[in-house]
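Me: I'd like to go through this model with you, one spot at a time. Shall we start with the terms and then look at single residues?

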Amino acid sequence: MTMSAGWYLRRLSRMGPSEVGGRVGDAVRRRRWRSARPVCPSVTGARFTAVLPAGALAAVPPDAAKRLVADADRLMAGHAEYFGVERDDMVAPDWCHDPKTGRRAPWGYAFDVPYRSEETVGDIKQIWEPSRHQYLTVLAAAYAVTGDERYAERVAEHLRSWWAANAPLRGVHWTSGIELGIRLLSWVWVRRLLDGWSGAAGLFEDNPVALRQIWHHQRWLAAFPSRGSSANNHVIAETAGQFAAACAFDWFPSSARWRDDALRSLERHLRSNTFLSGLNRELASEYHGLVLELGLAAVAEADAAGVPVPGAIRPVLLRMTDALAAVVDGRLRPPRQGDSDDGHGLVLDGADTDRWGSLLATGDAVFGRLDWWPEVTGTDVRTPLLAALVRPYGKGGTAPALPRPATRPAHFPDAGMTVLRGPEEIWVRCDGGPHGFLSIAAHAHADALSVEVRHDGVDVLADPGTYCYHGQPEWRQYFRSTLGHNTLRLGGADQSASGGPFLWTRHAGSRVLVADTSDEKVARWSAEHDGYEGSVHRRRVELTAASREVKVVDEVRGRGGSVELAFHLGPLVSAELTGNRAVLTWTRDGEDRSAVLDLPGELTWRAHRGESEPPLGWYSAGFGRKEPSTTLVGSGFADGTREFVTVLGFGG
């Protein structure tokens, strides 16, 4: 997908004067660096001191170590999976090859590489992901817990290969700051985990090639920060990686300045990216996890290096951790809201480790769990290693304890998110919040007033997910469209106007009218949005405990027009639609489950599954992966007086 001139004009219109000025400066700097590449200063006497405390590795649970080693052995055999594509070339990877399209990214000055063009480069996510080197942190962690030097030697072989193939400012791996930031954080942990290996110093601090790469990564990040309307999760990754490297690899004349600048930026952007309630302002759950992981990793580096952490950083991470604990369902799954690209900040575990359980376990170790937190029964490698570096916070720790919620929050007013809970782990997420973050709302979906409903962790009414970013515009459009969510579409248009990939030019405004979970018998929510000119869509949701029913009432006030009301079922749910009633069935842990969905009789209902022209009836469990699922769409007309009532009742 190559951006058109029109896209760039629309993108420019969403920038303020300061951002425009900064980007002009970036362009001048890129031109200057083309002919006068910055030169790495000479370094002598470098030593790595940011090691794990004694006993940290002994605290790794045996079952977590077993999962880690199993993944490491799969990598040693050359096997990995990225975004639904199985790879068997990881013994000696080609760092610029996309196995999905068969294309290879062109060489040349980094800022000339058209990385958004799949025709020229291939699927950029397939190329970038292995070069975050998070699979190398897995191999390094396997060495640390086993002492088997095969893992360390493979890490060294791959790092030397990557450094040789990706000279500073040359090729596709020098085009995006988030990639450089996450890669630096991975290198810090690779060096830390290999500390017991005799070749560690020769790979890093005694290796001029490594020193040059580390310096150029930090110099790049200092020169080209994400700014203005792009200052979302990307800037957190950039500053966290820059800060980690400046602390652990403090071998350069600019290290102290880079460290201090990155820490100030990290504090500012953690605050700006996070609601006071603790939820991430992008309203994309996966990015909440990414930012929290990056923030915790940065605090670990600060404490390991003895660098004072600004007062706002730990409270933001504490609020984020409590918010995550509040919104997950009974299986520790957060909402499927907004964009998701399966991005992680720091990977030290096998693939079967529960990401969200791991984050909550780390939150428990660093901040302490509250009585209302859900139980975390799984184990992981990352938690004991991070906890060994982070000083405890709160009582007896680095600061006075902050006020924390006495009971589990259900409503987050600033984020517009409400979670209703009922018997048998009925979980309902209602969306009445802003349309994304900053002027472009890059990772938002046109999903105002959408709902998700789960039963014991199973998606019954599901958010279909994200699937892709680049290269497949019709699929990108579908998965972030209004019709692609459990809400109402009026006049065949999305509630918010897209200006192209990662750009919304008009944002629907939503407001929550009622969010009442105080009655144990009936929980209520109501909200409305103004995304359709001349009309207002209002929705009410009630969860009744005794009958185990979820009632959804939609009304269109004002001009009205043709309507489509969509309900997307999870991939485990089968549906038999007769008229305006759908019988839903699925299996959970070997037990048959069922529900009945009574749909508004004023609309004409059809079931769609796995359709491609246009896309409809799909579910994406993760980036790059999609599977057919059932979508029920009711079509008709709203004249400003009708209510459309839907009732989902769960069987015995």
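Reply: Buried means under 20% relative accessible area, exposed over 50%, and partly exposed in between, with a 1.4 Å probe and protein chains only. This is a predicted model, in which local features need pLDDT of at least 70, side-chain atom pairs count only at pLDDT 80 or more, and totals for chains, interfaces and linings use all residues. Residues are numbered from 1 along each chain as its sequence is written, and side-chain values use heavy atoms, with hydrogens and water left out.

Me: OK, is Glu425 buried, exposed or partly exposed?

Reply: Glu425 is partly exposed, with a relative accessible area of 39%, and its phi is positive, near 55°, in a residue other than glycine. Glu425 lies in the loop between β4 and β5, where strands (E, at least two residues) and helices (H or I, at least four) are DSSP runs numbered from the N terminus.

Me: And what about phi at Glu424?

Reply: Glu424 also has a positive phi, of about 55°, and sits in the loop between β4 (417-422) and β5 (426-431). Most residues other than glycine have a negative phi, and most peptide bonds are trans.

Me: Which peptide bond is cis, then?

Reply: The bond from Glu613 to Pro614 is cis, with omega near 0°, and Pro614 is placed in the loop between β20 (611-612) and β21 (615-616).

Me: Switching to helices, how do α7 and α8 cross?

Reply: The axes of α7 (residues 149-165) and α8 (residues 177-193) come within 13 Å and cross at roughly 145°; axes are lines fitted to C-alpha atoms, for helices over the stretch in contact, and angles run from 0 to 180 degrees between N-to-C directions. Val155, Leu159, Trp162 and Trp163 of α7 meet Arg183, Trp187 and Val190 of α8, contact being heavy atoms within 4.5 Å.

Me: What does the side chain of Thr487 reach?

Reply: The Thr487 side chain reaches the backbone oxygen of Ala448 at 2.9 Å, and Thr487 is buried, with a relative accessible area of 1%. Thr487 belongs to the loop between α17 (473-479) and β8 (488-490).

Me: Where is Phe644, and how far is Val552 from it?

Reply: Phe644 is in strand β25 (residues 643-650) and counts as buried at 0% relative accessibility. Phe644 and Val552 are 92 residues apart in sequence, yet 8.1 Å apart in space, C-alpha to C-alpha.

Me: Last one, how many disulfides?

Reply: The count is zero disulfides, where a disulfide is a pair of cysteine sulfur atoms within 2.5 Å.

Conventions:
A polar contact is a pair of N or O atoms within 3.5 Å; within protein, one must be able to donate a hydrogen and the other to accept it, and residues adjacent in sequence count only if both atoms are side-chain atoms.
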